[in-house]
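Subject: A structure for you to look at

Hi,

Here is the structure I promised to pass on. Please open it and keep it beside you while you read my notes.

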Amino acid sequence: MTVIGVTTYLFYLGESILALISMVVFGKLIIFHFVMEYLDKQNLKKIQNISKY
């Protein structure tokens with residue numbers, strides 16, 4: 001939510017270039033977060049399956 005607020009505020013101030021840069025940078029961080037969360041869940045499933053045997 002902070003990313004949306006910062007980007008919106010930059011657009012409001014007329015700093016469209018900075019707003020676009022912040023969207024790209026924060027967007028990459030958000031995508032990285034979701035990818036790492038997905039991979040962590042997959043790794044946890046593998047560990048649970050191995051421990052059943």
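Which residues make a nonpolar surface patch of about 1100 Å²? The patch is made by Val6, Phe11, Ile17, Leu18, Leu20, Ile21, Met23, Val25, Phe26, Leu29, Ile30 and Phe34. Patches are built from residues with over 30% relative accessible area and no salt bridge; nonpolar side chains (Val, Leu, Ile, Met, Phe, Trp, Tyr) are joined within 5 Å, and like charges within 9 Å. A salt bridge here is a side-chain nitrogen of Lys or Arg within 4 Å of a carboxyl oxygen of Asp or Glu. Areas come from the Shrake-Rupley method with a 1.4 Å probe, and for residues only the protein chains shown count as cover.

Before you go further, a word on what you are looking at. This is a predicted model, in which local features need pLDDT of at least 70 and side-chain atom pairs count only at pLDDT 80 or more, while totals for chains, interfaces and linings use all residues. Residues are numbered from 1 along each chain as its sequence is written, and side-chain values use heavy atoms, with hydrogens and water left out.

Now the overall picture. The chain has 2 helices and 0 strands; these are DSSP runs numbered from the N terminus (helices: H or I, at least four residues; strands: E, at least two). H1 covers residues 2–12, and H2 covers residues 16–52. Both H1 and H2 give two or more residues to the nonpolar patch described above, with the largest share, 10 residues, coming from H2.

The C-alpha trace spans about 60 × 15 × 5 Å along its principal axes. Its radius of gyration is 18 Å, whereas a compact globule of 53 residues would have one near 10 Å. That radius is taken over C-alpha atoms, and the globule rule is 2.2 Å times the number of residues to the power 0.38.

Of the 53 residues, 8% count as buried (under 20% relative accessible area; exposed is over 50%, partly exposed in between, with a 1.4 Å probe and protein chains only).

Thr7, in H1, is buried because its relative accessible area is 6%. Ser22, in H2, is buried too, at 9%. Leaving aside neighbours within four places in sequence, Thr7 is in contact with Ala19, Ser22 and Met23 (contact means heavy atoms within 4.5 Å).

For contrast, Thr2 counts as exposed at 63%, and Phe11 is partly exposed at 40%.

Enjoy exploring!
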